[in-house]
Amino acid sequence: MDFTLSNEQRAWQMTARKFAEEEIRPISLARDAIADARETFDWDIIKKGSKLGLRTLAVPKQWGGHGTDFVTQALVMSELARADSAISKTFSQCWKWSHLIAATCTDEQKRRFLTPFLEDDTFLLGKGITEPGAGSDNRLPPDDPKAGLKLRAERNGDEWILNGEKCFIANGSVGKLFFIDARTDPHVPLRQGTIMFLVPRDTPGFRIGKVFNKSGWRFYQNAEMIFENARVPHANVVGPVNGSDLKTTQAGDRTGGDLFGDLELAANALGVCDDACGMSIALARTQQQGGRLLFDQQLVQLKLNRMYCLTEALRSYVMRIAWEHDHKVSSANAGLCMNFSTDVIQEVTEINLELHAGAGVLDAWADKLVRDAMIWSHLAGDTVQRMKPTRRLAREMP
Amino acid sequence: MYNLRLTPEQLEIRDTVREFVARKIKPAALRPERLEAAEQPLLVDVLDEASQLGLRALALSEVAGGAGADSLTSCIVSEELAAGDPAIAAVLGETWTLAHILFDRLMTPGQRERLLPPFLADERCHIALAREEPGRDGSLGSHYHQPGHNDPAFTTMAIRAGEGWIINGLKHEVVNASFAQLFVVAAATAAGGTSAMLVPRDTPGLTANESGPATRRRHGACGQILFKDCHVPAENLLEPEGQSKLGREIARQIPQQLAIQLGIGRAAYEAALDYSQIRVQGGRPIIEHQAIGAKLADVATRLATARSIIWQAAWASDHPEAFADRSLPDLPLASIAKVFASEAIYHATKDAAECFGAMGVMRDMPLAKYVHDALICLHSGEANTDTRLRIAEAIAGHRRADACAVLAAE
């Protein structure tokens, strides 16, 4: 086993660390404190990060991107998340869908969409799956045709007409291009009657509704999408018609669009945990209580011990998953790691807040980390997300 | 006699308050526009209506003109109010607790005669306790099982000046800071120990600032009070100089503060229970899925267990003789209740929120508020790390003269 990083991996890590410390950290708390969910976003930080390559990191070299490996991506995500989890996620959301483009789009589509994506520092990507009545039903679809997403797609010559709505869609209010899952046949189960489309922001009949006002990840823009006779050319259909579930079963490189998302949340959580550990140990080593350092107390040492145990275990798991992705080893582990990251990020940030509050330190940053960590409950650690890898584990047993 | 039956009066007041909360507080407190705003100002109209129901004087004795509620009844009412809005529960609870402690227990007849009539006459007259100070390190931590002192003197000083006192100092985390009409202030004097002063709001030299949301650590219009050459007459000294028992009196009221958390947890639980019977995923209402059913069972278990220990601590505070006759164990029940309930209820609200999926973290939905409210409670007042150490000292028989979390038997 060799845990050393290559020079290239180390260079990306250092670039991300420097950018995170010098550019992201100074704005993080101020963006978080903005009450209007639509106003928390900051284009300046996106442009600066984009110029460093942080937006296009995952686009394959042959298409003009940086073609970084998964180990690099995991390192960069956690470095950025150390300064702001939501800003890190805004960048990596673009990598997630550039993986999907690379894995599933035709060369013609890649030319059409990757070229502007690479050229424009403000070109962000997103994917619309969730709808008001369909969240976990899309993740673990039952056979019932009534379950799952309802957004309707009907063929009209060379075009498809889309009607319906999506909610909570990441980068929704700031993205320029979206993958959109839509139903062609409401009478068959989800997996059989669904198409994935590429929908540019300026598609006629497609608009963005409200931006959801979350308690954590406030920088990250989750928006409503409304389709009223939106006209999408047939050339924008990704994969075969009704191929459905492309991102998991027919995408070729299975470590692309699908499993990246699991690694992504785990790597992001790792950065937040590193930040929380750093805060807590700095507090313990500087704050006095009863004439002695906080660190001198057994209970403080035991809390720090718990934080570091969990964080370092998560680091090992995250780096192993990244390495496995790079070596085309696919297993339930990415999902399990994502589930584990939920438990870790929440416990570690909660202990950090407890240590600060216990020392009488009102720390808005510690409070923010707990709110950011709360997001994992429904993205990475809800019961459906936990059953998915478990079922895969059982399925793949010899 | 072991008896878990509530009296007809307790049942009646619970139903009255529950109905008031459903009709008046919830619709106002849970409006999406209110929840989404950066700050949630106190619902003053609702507070006034609650005061008109007599809740402001809930624990004040009947002789003095209140409802004479004991600690258990106060817990029942606090839980109901907090299920609607913990700020309203905290404001009223602070006032009725202090009204009982001051008017019924600590004031001289002369002080009562002077200050009780204006309190009763004005429905907007609230009381605040100015005790905590920024930087005052009252935690047990390093002093655990050491003979030393862990209750440092207050930096707020009252200096004798002619017939009266001049107070200087800064207090923070004061519930009701921004609108209380009467403050009771813990201060040090030349005599040593802690003295308590009664300071009406309009006394020159007293300034109140409400804390911003980022630094709010307690429910209930919490803020800072600055005393700058604040002159109070000699007759406003509560209890003999340097011998204030206020801390001990306040410690006896812990159960009803915990009941506020219970109300928050119950509101989250009821919302999750309703939603999980309506929301269909996987072809069935989500409560019919084992994963959600078991989660809600855990929430119900945590709340029921927390309520049992909170009520036991409250009942113990109402019946000190029950320790003497060995009906109750010789344990610091209020501290035990605090550690268990604050952690259990925080976890319960998180689990309840998870049943809502992404809607559980949206600011315009009540669940994110419940989680946030429970988190504030978890980190209000003494840290649980310290409370655990106090329990540990108590069960080991380590006695402290200055301990706030005394054995219930004491």
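Guide: Buried means under 20% relative accessible area. Keep that cut-off in mind as we look around this predicted model.

Visitor: Why is A:S280 called buried?

Guide: Its relative accessible area is 0%, and the cut-off for buried is under 20%, so A:S280 counts as buried. You'll find A:S280 in helix α8 of chain A, which covers residues 257-286.

Visitor: What makes up the surroundings of A:S280, leaving aside its neighbours within four places in sequence?

Guide: A:S280 is in contact with A:L304, A:M307, A:N352, A:L355 and A:H356.

Visitor: How do you describe the way α10(A) and α13(A) cross?

Guide: Two packed helices are described by the angle between their axes and the distance between the axes. Here the axes of α10 (residues 333-358) and α13 (residues 383-395), both in chain A, come within 8 Å and cross at roughly 150 degrees. The crossing of α10(A) with α13(A) is left-handed.

Visitor: Which residues of α10(A) and α13(A) meet?

Guide: From α10(A) come A:G335, A:L336, A:M338, A:N339, A:T342 and A:D343, and they meet A:Q385, A:R386, A:P389 and A:L393 of α13(A). That contact divides into four nonpolar, four polar and two charged residues.

Visitor: And the largest nonpolar core: which residues touch the most other members?

Guide: Among its 144 residues, those are A:L80, A:W95, A:F179, A:V318 and B:L81. Helix α8(A) gives this core its largest share, 14 residues. There's also a second, separate core of 25 residues, with B:L258, B:L262, B:L303 and B:L333 among them.

Definitions and conventions:
Residues numbered from 1 in each chain as written. Chains lettered and ligands numbered in written order. Predicted model: local features only at pLDDT ≥ 70, side-chain atom pairs only at ≥ 80, totals over all residues. Heavy atoms only, no water. Helix = DSSP H or I, 4+ residues; strand = E, 2+ residues; numbered from the N terminus. Buried < 20%, exposed > 50% of the residue type's maximum accessible area, 1.4 Å probe, protein only. Contact = heavy atoms within 4.5 Å. Axes fitted to C-alpha atoms, helices over the stretch in contact; angles between N-to-C directions. Left-handed = near helix turned anticlockwise from the far one by under 90°. Nonpolar A, V, L, I, M, F, W, Y, C, P; charged D, E, K, R; others polar. Core = buried A, V, L, I, M, F, W, Y, C linked by side-chain atoms within 4.5 Å.
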